[in-house]
Amino acid sequence: DRTMMRNELAFSVAQAFKKVYPNDGMAWNPSGQHVELVYNGVHVGTYYLCEQIKIDGNRLDINDAYDKDDTYSGNAEDYGILMESDDGYDETWQFTTRCRIPFLFKDDGNEQLKTYAKNLVQGIETNLNGKKFSEAYKTMDLTSFVDFLLVQDLMMNSELKHPKSCYSYINDGMLYAGPVWDF
């Protein structure tokens, strides 16, 4: 990005949506700032230093499936799952839908979590393709998807066709879009 503005602008737009509609849409989006990196007295470049996406009470506040000692502690339906759609397909726990959309777990996983996530996401995809929209929306947070898609469209980001870093998560039996990332 030669302008060095795309990430900052996309994050700002996503956060503006949250300020206007605090109870709807994407629950959290990262923030950051530009920094000039000088190493041993040599200017190395301008970078955008920002928060990383992770499950945390101060970031994406969903119920993590793993407690502090990294032990899975319950039913998949009781926990949140952070996922990234990335056609690089390089995480340990992953699945692909029938329409070939990849979903990769950003935290550790297990077969129970994978089966739960895949069934939920595949159910939404099947209902959308079958034009059963009201059924799909029962397990899909529509406002977060609208906000997510508006940010993608405003930034003219074509990444949804071949996803690299499109985040979503499952929480309380619902699939949510976001946070936004990497423009």
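This is a predicted model: local features need pLDDT of at least 70, side-chain atom pairs count only at pLDDT 80 or more; totals for chains, interfaces and linings use all residues.
Good morning. Let me begin with a pair of charged residues: Lys-164 and Asp-87 form a salt bridge through their side chains, with 2.7 Å from N to O. This pair joins distant parts of the chain, since Lys-164 sits in the loop between α4 and β6 while Asp-87 sits in the loop between β3 (81-85) and β4 (94-96), 77 residues apart.

How many salt bridges does the structure hold? There are four.

A second bridge brings together the side chains of Lys-106 and Glu-91, at 2.9 Å from N to O. Here too, distant parts of the chain are linked: Lys-106 belongs to the loop between β5 and α2, and Glu-91 to the loop between β3 and β4, 15 residues apart. Lys-106 counts as partly exposed at 26% relative accessibility, and Glu-91 is partly exposed with a relative accessible area of 26%. These two residues also take part in a network of salt bridges that includes Glu-84.

Another bridge is formed by Lys-138 and Glu-135, whose side chains meet at 2.7 Å, N to O. In this pair, Lys-138 counts as exposed, at 52% relative accessibility, whereas Glu-135 is partly exposed, with a relative accessible area of 35%.

I now turn to a charged residue without such a partner. Asp-147 lies in helix α4, residues 142-154. Asp-147 is buried, yet has no salt bridge. Why is there no salt bridge for Asp-147? A salt bridge requires a side-chain nitrogen of Lys or Arg within 4 Å of a carboxyl oxygen. The nearest side chain of opposite charge, Lys-18, is 7.5 Å away, so Asp-147 has no partner within that cut-off. Which residues does Asp-147 touch, leaving aside those up to four places away in sequence? They are Phe-17, Asp-24, Gly-25 and Met-26.

Next, the empty spaces. In general terms, rolling a probe the size of a water molecule over the atoms shows where empty space is left.

Two or more lining residues come from each of β5 (102-105), α2 (111-129), α4, β6 (166-171) and β7 (174-177). The largest share, five residues, is given by α2. By class, this lining has 17 nonpolar, five polar and four charged residues.

There are also two cavities of 30 Å³ or more. The largest cavity holds about 70 Å³ of space. The lining of the largest cavity divides into seven nonpolar, one polar and four charged residues.

The second largest cavity holds about 30 Å³. Among the residues that line it are Phe-148, Gln-152, Cys-166 and Trp-181. By class, its lining has five nonpolar, three polar and one charged residues.

That concludes my presentation. Thank you.

Terms used:
Residues are numbered from 1 along each chain as its sequence is written. Side-chain values use heavy atoms; hydrogens and water are left out. Helices (H or I, at least four residues) and strands (E, at least two) are DSSP runs, numbered from the N terminus. Buried means under 20% relative accessible area, exposed over 50%, partly exposed in between (1.4 Å probe, protein chains only). Lys and Arg count as positive and Asp and Glu as negative; His and the chain ends are not counted. Contact means heavy atoms within 4.5 Å. Ala, Val, Leu, Ile, Met, Phe, Trp, Tyr, Cys and Pro count as nonpolar, Asp, Glu, Lys and Arg as charged, and the others, Gly among them, as polar. On a 1 Å grid over the protein atoms alone, a cavity is a set of points where a 1.4 Å probe fits but cannot get out, and a pocket is an open set with protein on both sides within 12 Å along at least five of seven lines; lining residues have an atom within 4 Å of a point. Grid points are joined across faces, edges and corners, and a volume is the space filled by probe spheres set on the points.
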